[in-house]
Amino acid sequence: MKLSQFKFNLPKELIAQYPTTYRDEARLLVLHRKTGEIEFKQIPQMLDYFGDGDHFIFNNTKVFPARLYGTKERTGASIEVFLLRELNKESRYWDVLVDPARKIRIGNKIYFGTDSSIVAEVIDNTTSRGRTLRFLSDYTGDEFRRKLFELGNTPLPKYIHRDRENPDERDTEDEERYQTIFAEKEGAVAVPATGLHFSKSMFKRMEICGINWSFITSHVGLGNFKSIDVEDLTKHKMDSEKMTITQEVVDTIERLHEEEKTICAIGTDVMRVLESVVGTNGHVKAFDGWTNKFIFPPYEFSVANAFLVNFYMPMSTQLMMTAAFGGYEQVMHAYEVAIEEGFRFGDYGDAMLIVK
């Protein structure tokens, strides 16, 4: 497959800028893999396609306030710092992205907060991810991390715009809604968006229907949203992400396969984890580590046999995985239909359920 095969025209007005009023009121496009049939539903109606004993798997990662705004020493230039991952807790080393990058060099210092209580010094600017900063502060231990996160903002993707005179102004709606209701393990810089559709009411309905659920952890990073710069997809390398799948979840998956129940992966992050732990014998195994698995057509899936996903951007890795599961021709056609019908795209957008 080639990168250009995943290019399509997406009207800007279809990129969702705000969440729906209620988490579970988004629209749903249902794609049947065997026949290519398409149906239009609402999120709660997805449960009609599952039965007693079927199983959903969610990602319980928690988004942290990764976007900070600071000023450069001497010049006072405004600098955006996007925290990617903590490298060393004691030394306070973080991998970050900075914008504008051209203004930042090794040795430069960036000041944060109205009282400049936290300062960051650039100690490396040669990493593939951007820069490495060492944070300096009188705050100690967990107090420093708490203060740092107080200064941070919700890491909304660039296609979601919030025009404010003061970039430090916090948006309380985004703080709540750009997070799943089951978020627990802090570490993601982007929300597992498909999980946003699930409310307390949805979980109650699942329980009534006899649908069970489990959680894996995948700390979603910017690698999922990084643009691909090669036409030949076999040459693209994904950034690694931290992931965990417990033995309990593995045992559940093995039992469900034996019972021939339906397993639905909720989001591309979940599907990536599930496929990352499949051994050569076809069985899954518990794992706590890193994955850089990149899934695109053609690909044979081993764990889940249903897939709930949002509508993604052109030429994105999430779209490629979706096409691998639902079939390239069928998924791209479904996207054409979704655009014609005015479905909303992106993290705050609508969803597609792919079933047998």
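**Figure 1. The salt bridge between Arg-255 and Glu-259 in the predicted model.** In this predicted model, Arg-255 has a relative accessible area of 36% and is therefore partly exposed. Its partner in a salt bridge is Glu-259, and the closest N and O atoms of the two residues are 3.2 Å apart. Glu-259 likewise counts as partly exposed, because its relative accessibility is 40%. Both values fall between the limits of 20% for buried and 50% for exposed residues.

**Figure 2. Helix H4 and the elements that surround its buried residues.** Helix H4 spans residues 247–258 and comprises 12 residues. The distance from its first C-alpha to its last is 17 Å, close to the 16 Å expected at 1.5 Å a residue. The buried positions of H4 are Val-249, Val-250, Thr-252, Ile-253, Glu-254 and Leu-256. An α-helix has 3.6 residues a turn, so residues three or four places apart point the same way. Just after H4, the backbone at Glu-260 adopts a positive phi of about 55 degrees.

**Figure 3. Helix H5, a mostly covered element.** Of the 9 residues in H5, 8 are buried. Those buried residues are Thr-268, Asp-269, Val-270, Met-271, Arg-272, Val-273, Leu-274 and Glu-275. Leu-274 is also among the residues with the most contacts inside the largest nonpolar core.

**Figure 4. The largest nonpolar core and the surroundings of Phe-345.** The largest nonpolar core contains 67 residues. Within this core, the residues with the most contacts are Leu-29, Ile-245, Ile-253, Leu-274, Tyr-335, Phe-345 and Met-352. When neighbours within four places in sequence are left aside, Phe-345 is in contact with Phe-8, Leu-10, Leu-14, Ile-15 and Ala-16, with Phe-311, Tyr-312 and Met-313, and with Tyr-335, Ala-338 and Ile-339.

**Figure 5. Edge-to-face pairing of Phe-182 and Phe-203.** The whole structure holds 28 aromatic pairs. In one of them, the ring centres of Phe-182 and Phe-203 are 5.9 Å apart and the ring planes meet at 80 degrees, so the arrangement is edge-to-face. This pair links distant parts of the chain, 21 residues apart: Phe-182 belongs to the loop between helix H2 (172–177) and strand S11 (185–188), whereas Phe-203 belongs to helix H3 (residues 200–209). Phe-182 counts as buried because its relative accessibility is 12%, and Phe-203 is buried as well, with a relative accessible area of 11%. Both rings are members of one aromatic cluster, which also contains Phe-50, Phe-56, Phe-58, Phe-198, Trp-213 and Phe-215.

**Figure 6. Edge-to-face pairing of Phe-311 and Tyr-335.** The ring centres of Phe-311 and Tyr-335 lie 5.3 Å apart, and the planes are at 65 degrees, so this pair is edge-to-face. Phe-311 is located in the loop between strand S16 (306–310) and helix H6 (317–326), and Tyr-335 in helix H7 (residues 328–340), so the pair ties together parts that are 24 residues apart in sequence. Both Phe-311 and Tyr-335 are buried. Phe-311 and Tyr-335 are also among the contacts of Phe-345.

**Figure 7. Arginine side chains over aromatic rings.** Arg-27 lies over the face of Phe-343, at 3.9 Å from the ring centre. In a second example, the charged end of Arg-33 is placed over the ring of Phe-325, 4.0 Å from its centre.

Figure 8. The structure has 14 salt bridges. One of them joins the side chains of Arg-67 and Glu-80, with an N to O distance of 3.1 Å. Arg-67 is in strand S5 (residues 67–72) and Glu-80 in strand S6 (residues 78–88), so the bridge ties together parts that are 13 residues apart in sequence. Arg-67 is buried, at a relative accessible area of 8%, and Glu-80 is buried at 14%. Lys-158 is linked with Arg-67 and Glu-80 in a network of salt bridges.

**Figure 9. The salt bridge between Glu-186 and Arg-145.** The side chains of Glu-186 and Arg-145 meet at 3.7 Å, N to O. Glu-186 lies in strand S11 and Arg-145 in helix H1 (residues 141–151), so that distant parts of the chain, 41 residues apart, are linked. Glu-186 is partly exposed, with 36% relative accessibility, and Arg-145 is partly exposed with a relative accessible area of 24%.

Notes:
Residues numbered from 1 in each chain as written. Predicted model: local features only at pLDDT ≥ 70, side-chain atom pairs only at ≥ 80, totals over all residues. Heavy atoms only, no water. Core = buried A, V, L, I, M, F, W, Y, C linked by side-chain atoms within 4.5 Å. Buried < 20%, exposed > 50% of the residue type's maximum accessible area, 1.4 Å probe, protein only. Contact = heavy atoms within 4.5 Å. Phe/Tyr/Trp six-rings, centres within 6.5 Å; stacked < 30°, edge-to-face > 60°. Helix = DSSP H or I, 4+ residues; strand = E, 2+ residues; numbered from the N terminus. Lys NZ or Arg CZ within 6 Å of the ring centre and 35° of its normal. Salt bridge = Lys/Arg side-chain N within 4 Å of Asp/Glu carboxyl O. Expected span 1.5 Å × (residues − 1).
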